[in-house]
Each structure stands twice: as C-alpha cells, then as structure tokens.
Amino acid sequence: MKRKMSEVTRRRDGRPAHHWRRDVVELAALFTAVAIADAVANLIGHGPDGPALLLISAAVLVATAAFHTWWARRHGHAPPAADTGARPRSPERRAGPPASPAHEPGATGAARTLWRMRTTVRDEPGALAALCAAFAGHRVDILSLQTHPLGTDTVDEFLLRAPERLGASGLTRAVALAGGTGTWVERADPHDLVDAPTRVLGLATRTALDAAELPVALRQLLGRCTIRTLPTRPAPSGRTPDGVPVEGALEDTVMRLRAPEGGVITVERPHLPFTPTEFARARALVELDARLGPRVPHGRDVLTLPEGGAITVRRAGPDDLDAARSMHERCTPATLGLRYHGPVGDADRYLNHLLSPRFGRTLAVETESGRIVGLGHLLWDGDETEVALLVEDAWQRRGIGGELLSRLVGMAVGAGCESVYAVTRSANTGMVAAMRGLGLPLDFQVEEGTLVITARLDATTTPLTSRLPHDGVREGSFRD
C-alpha cells in the first residue's frame with residue numbers, strides 16, 4: 001500500500017490550525033528583501049558607489065535571514081505547548097479500563113458505542129489520512145484497522161468507538177465527505193476487540209480440533225453469511241460440481257470453495273462483496289480442514305438416570321454408523337416417523353449425512369454395555385441451525401431427550417447462533433415439552449401437521465448445563 005498518513009497541525013476540533021503571526025513575519029521578510037534588491041539595483045545603475053552599496057545590501061540580507069531563522073525556530077510548524085491537538089484523556093481512561101467497551105462514557109460524559117465499518121477509498125497518498133481526520137473531527141477513536149487492496153482502490157475496515165449521538169448515519173456521512181464510498185456500518189461487540197491475526201489463529205485451532213467447526217469458523221471469520229455444502233456429483237477432471245475450479249471461485253458477494261470431501265462449499269453474504277483477502281483466508285481454513293481429514297473430539301460424560309443406572313454422553317461420528325442403524329432397528333415405526341417425517345424405510349440413508357462432522361455435531365447416548373440408545377444432532381442449515389433428537393422407545397421419558405437438547409443448545413450458543421429450530425409433528429408432545437423446558441423464547445409455526453419450533457438465542461444466553469446428575473467421570477472434552 002503506497003499511502004502515508006501525513007502529520008498536520010490540528011486544532012481540538014480536528015481542523016488545520018493557522019499561525020497568522022508566522023505568516024505575517026514571513027511575508028514582511030519577503031517584501032523587505034524585494035524592496036532592498038530593487039533599491040540596490042537602482043543605486044548601482046545610477047550612482048558612483050556601487051561596491052559599497054553591494055556590501056551594505058549583503059549585510060542587510062544576512063541580518064534578515066538570521067532574523068527569519070530565529071523566528072522559525074521559535075515559532076515553527078509544531079503547535080504551541082498549550083494546544084497540541086491531542087484529545088484530553090477522558091475521566092474513565094484516567095481511572096482505568098471501562099466496564100463495558102461496547103457502551104461507555106466518552107471524554108465529555110456522553111455514551112460511546114462500538115462500530116464495525118468498511119469503506120472503499122482510492123489507493124493514493126493522503127486518502128487514509130483524510131478518513132482519520134474525519135474521525136478525529138467527530139471524536140471517534142480508531143481501535144483497529146485492516147486494509148484489503150483492490151488494485152487502484154483499497155477497502156479499509158475499521159473498529160471504531162464513537163459517541164452514541166453520532167449514530168450509523170453520522171459516521172457514514174462523515175466518511176463520504178472524506179472520500180469513502182460503498183460504506184457499510186454495523187454494531188460491534190467486545191469480542192471484535194481481538195485483533196485479526198489472533199482471531200484467525202483461534203478459528204484455525206478450533207477447526208483443527210473438530211471438523212464440525214469449519215462452518216462456524218467461516219461464519220465468524222466472514223461475518224453474517226449463508227454457508228451451504230453441496231454433495232459430490234460427477235464432474236470433469238480437475239473441477240468440482242457447477243464448474244468450480246479446484247482453487248475455488250470468487251464472484252462479488254459469493255465465494256465457492258472445494259469441500260474437503262470433494263463437494264462445494266458456497267458462502268454468500270448479502271450486499272457486502274468479499275475481498276481477495278477474505279477469500280484467501282477462507283480458502284486457507286478449508287485447506288487446513290482437508291489436510292487434517294475427518295476428526296471428532298474424544299470425550300465422554302457419565303450421568304445417572306433418575307431411576308438409577310448410568311449412561312454416557314459423547315460425540316458421535318462416522319464410526320458409529322453401524323451402532324446407529326442397530327438403534328433404528330429397535331425403534332418402532334411411530335418413533336422413526338416422528339423423527340424423520342417420511343417413509344420409515346428411508347431412515348437409514350439419512351445417517352451418513354447426520355453422522356458426518358461436515359454438516360454439524362452429533363451427540364450419542366450409550367448404556368453401560370456400550371449400546372447407543374439416543375442421538376442428538378446440531379445441523380448447520382445455511383445461516384440457520386437445526387436441532388433433532390431420537391431416543392429409543394425403551395429409554396424414553398427418562399430425561400435423556402431433555403439432556404441431549406440442553407447440550408445441543410449450549411453448543412449453538414457457543415457457536416454464536418442466533419436461534420435454533422426443531423421440525424416435528426404437532427402430535428410429538430415430548431419434543432414440545434423438551435423445547436419448552438429450555439426456558440427460552442419460542443416461536444411456533446404449524447402447517448399441514450408439521451410443527452416448527454424456533455428458540456431465540458442472543459449474546460446474553462448462558463449455555464445450558466447438564467440436567468442429569470453427573471457421576472464425576474469425564475474424559476477429555478467434546479465441546480458441550
């Protein structure tokens with residue numbers, strides 16, 4: 001990036017400071033020198049004492065230059081000590097860090113808000129300085145800055161702390177006057193205070209530990225977006241379905257990446273185009289996931305049922321396919337029908353998808369003999385998240401379904417999901433009771449006997465804890 005932030009003397013309101021006394025002295029010196037030169041030229045041309053006059057004029061010029069040098073050193077371009085142009089430290093900064101970075105008082109006692117802003121400027125010297133000057137004029141703090149080069153333009157992404165009275169419209173107007181175009185603004189939260197390299201490394205670590213984290217990591221890396229995975233289909237050599245090259249494709253607000261299993265991961269974000277830098281970061285995460293291969297975290301919790309006996313809750317994966325099919329065989333057609341909403345004979349064919357860590361997370365409930373008697377699924381569905389449960393008939397009404405559901409919702413909260421939904425039959429009173437037992441705001445939609453229950457989550461929702469007594473046996477962690 002061939003730009004520099006020029007340093008200029010500024011008043012407290014952010015505009016350039018003018019030192020009129022210095023300007024008057026410099027103009028007087030200039031006119032004096034011109035007048036003396038003119039007088040000397042006339043005298044030399046019309047008088048007999050030319051050499052003497054030259055010496056006198058030289059002495060006068062030297063004296064004038066010395067006086068100008070002395071004045072410049074005393075009244076240079078730096079502002080006087082009483083007016084440095086720096087913002088005075090606010091009371092809360094003198095006292096220490098604020099209790100809530102997202103909403104805090106400013107230097108004058110007014111509330112301040114965190115914002116994420118993205119704008120496009122010309123890639124030329126002074127463009128970034130103009131933006132910074134506009135922010136300073138409105139007493140906006142720049143907490144972090146990322147640049148995304150685009151050839152002749154650059155996308156600048158800021159994390160800002162601004163007076164609440166300014167609002168999104170005020171920020172957008174100030175940036176437009178400073179030369180920014182295509183400006184996008186949204187509220188930020190304290191989690192955004194983590195710098196970009198640290199956040200990317202954390203997402204890479206989560207992806208390395210758990211294959212199911214890839215869609216979550218992409219969403220947290222790129223902001224609000226819709227992520228879909230298309231299955232593998234026959235395609236020409238070296239290309240994925242829909243003609244996507246092996247290295248992926250970037251098309252404005254849509255990026256397509258080759259999925260680790262050979263399909264296509266489509267990431268779409270409304271109104272905000274992806275930059276080449278974002279595309280490179282997303283592709284690096286997908287390549288890391290592909291190199292590590294399928295993986296499911298090891299770990300288990302041993303819980304006690306109300307009537308006695310112990311069960312184990314753990315993460316499930318493709319290796320549990322045969323055990324899950326055996327559980328299907330022990331379930332009645334009515335139970336399978338409530339879970340899969342279709343022909344009972346097709347239930348087994350869903351398991352490959354449900355147990356794959358590429359599409360979400362699955363929890364399994366095992367008996368002391370090692371037999372699976374319950375499955376709970378948290379499925380990434382574009383920009384939404386689905387929860388689904390299946391408990392073997394003989395093990396129903398023992399609290400297993402509620403235990404699985406509370407853990408799945410806790411996972412959704414940890415993944416930053418805004419809501420989870422469950423699709424079932426209106427006659428499935430057990431699922432309705434389990435959703436109501438979450439203690440969360442619920443929305444109900446019924447159409448032709450199909451019931452969709454949506455639980456609303458937010459940043460203040462606390463991940464739910466176990467509902468069954470814990471036997472104190474825990475091996476590893478499976479992100480519950």
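**Close-up views of salt bridges**

**View 1. Arg 407 and Glu 403 are both buried (under 20% relative accessible area, with exposed meaning over 50% and partly exposed in between; 1.4 Å probe, protein chains only).** A salt bridge joins the two residues, with their closest N and O atoms 2.5 Å apart; the term denotes a side-chain nitrogen of Lys or Arg within 4 Å of a carboxyl oxygen of Asp or Glu. Because they are four residues apart in helix 12 (residues 400-414), about one helical turn separates Arg 407 from Glu 403. Helices (H or I, at least four residues) and strands (E, at least two) are DSSP runs, numbered from the N terminus. This is a predicted model, in which local features need pLDDT of at least 70 and side-chain atom pairs count only at pLDDT 80 or more, while totals for chains, interfaces and linings use all residues. Residues are numbered from 1 along each chain as its sequence is written, and side-chain values use heavy atoms, with hydrogens and water left out.

**View 2. Arg 118 and Glu 157 form a salt bridge of 2.7 Å, N to O.** Arg 118 belongs to strand 2 and Glu 157 to strand 4 (residues 153-163), so the pair ties together parts 39 residues apart in sequence. Arg 118 is buried, at 5% relative accessible area, and Glu 157 also counts as buried, at 10% relative accessibility.

**View 3. Glu 366 and Arg 314 meet in a salt bridge, their closest N and O atoms lying 2.8 Å apart.** Glu 366 is in strand 14 (residues 360-366) and Arg 314 in strand 13 (residues 310-316), 52 residues apart. Both residues are buried.
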